[in-house]
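Open the structure in your viewer and keep the sequence panel beside it. This tour goes from one selection to the next and says what is there at each stop.

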Amino acid sequence: MPLICEWVCSRRKLQPYKVYFAASVMSRLRELESRMTANTSVIQHLLFKHIDQQLPSLSNTTTVTSCLLDISSMYKFYGELIRNQVFSFDQYLKTCIARGCTRAHLVFIANVPIYATSVQQHNSLLLLRNTT
């Protein structure tokens, strides 16, 4: 799974469909995981870890231009994961609030496209976006 995250966020192959393909694969992995175990937080934990690993490059604009990370693909990828209910944006917001958001977390939150939100999620998102 980390390989999928790295591939979709890489600048090496810039195909517009790779975000949707990777999100579909992750959705299928989530389905398999839910059939095998009652705990479906493994994928969520690995996606949190991937975001945390990429955050230093998101907060430094000079690093972003020189690294191999395609930030727009990363935002779209996580937006698709949220839309497909593979990644829990509510849980991510709660974790950010509990840990204390860094500037990089706020940049990530502000740029991930959110398609359908609950009232609670929308209010949390507004609160975090207005702190930047």
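**Whole chain**

Start with everything shown as a cartoon, and keep in mind that this is a predicted model. The protein has eight helices and zero strands. Followed along the sequence, the pattern reads α-α-α-α-α-α-α-α. The protein has 132 residues, of which 39% count as buried. Now consider contacts between residues at least 6 apart in sequence: 66% of them join residues at least 24 apart.

**The core**

Select Leu47, Phe77, Tyr78, Leu81, Phe87, Tyr92 and Phe108, and show their side chains. These belong to the largest nonpolar core, which has 31 residues, and they touch the most other members. Which elements give two or more residues to this core? They are α1 (2-8), α2, α3 (41-59), α5, α6 (89-99) and α7 (103-111). The most comes from α5, with seven residues. As background, nonpolar side chains in soluble globular proteins tend to be buried together.

**Helices α2 and α5**

Next, select residues 18-36 for α2 and residues 71-83 for α5. Two packed helices are described by the angle between their axes and the distance between the axes. For α2 and α5 the angle is about 40 degrees, and the axes are 9 Å apart. An angle between 35 and 65 degrees falls in the oblique range, so α2 and α5 are oblique to each other. The crossing of α2 past α5 is right-handed.

Show side chains on both helices. On the α2 side, the residues in this contact are Lys18, Val19, Tyr20, Ala22, Ala23 and Met26. They meet Ser73, Lys76, Phe77, Glu80 and Leu81 in α5. Sorted by class, the contact of α2 with α5 has seven nonpolar, one polar and three charged residues.

Ala22 lies in helix α2. Is Ala22 buried or exposed? Its relative accessible area is 1%, and residues under 20% count as buried, so Ala22 is buried. Leaving out residues up to four places away in sequence, Ala22 touches Ile4, Trp7, Val8 and Phe77.

Now pick Glu80, which is in helix α5. Glu80 counts as buried too, at 5% relative accessibility. With residues up to four places away in sequence again left out, Glu80 touches Val19, Tyr20, Ala23 and Tyr115. Draw a distance between the C-alpha atoms of Ala22 and Glu80: they are 9.2 Å apart in space, and 58 residues apart in sequence.

**Helices α5 and α7**

The axes of α5 and α7 come within 9 Å and cross at roughly 65 degrees. Therefore α5 is roughly perpendicular to α7. The crossing of α5 past α7 is right-handed. Select Met74, Tyr75 and Tyr78 in α5, which meet Val107, Phe108 and Asn111 in α7. This contact of α5 with α7 divides into five nonpolar residues, one polar and no charged.

**Helices α6 and α7**

The crossing of α6 past α7 is left-handed. In α6, select Phe89, Tyr92, Leu93, Cys96 and Arg99; in α7, their partners are His105, Phe108 and Ile109. The contact of α6 with α7 holds six nonpolar residues, one polar and one charged.

**Two loop residues**

Finish in the loops. Select Leu69, in the loop between α4 (61-66) and α5. Leu69 counts as buried, at 6% relative accessibility.

Then move to Gln85, found in the loop between α5 and α6. Gln85 is exposed, with a relative accessible area of 64%. What is phi of Gln85? Phi is near 60 degrees, a positive value in a residue other than glycine. Most residues other than glycine have a negative phi.

Technical notes. Residues numbered from 1 in each chain as written. Predicted model: local features only at pLDDT ≥ 70, side-chain atom pairs only at ≥ 80, totals over all residues. Heavy atoms only, no water. Axes fitted to C-alpha atoms, helices over the stretch in contact; angles between N-to-C directions. Helix = DSSP H or I, 4+ residues; strand = E, 2+ residues; numbered from the N terminus. Parallel < 35°, antiparallel > 145°, perpendicular 65-115°, else oblique. Left-handed = near helix turned anticlockwise from the far one by under 90°. Contact = heavy atoms within 4.5 Å. Nonpolar A, V, L, I, M, F, W, Y, C, P; charged D, E, K, R; others polar. Core = buried A, V, L, I, M, F, W, Y, C linked by side-chain atoms within 4.5 Å. Buried < 20%, exposed > 50% of the residue type's maximum accessible area, 1.4 Å probe, protein only.
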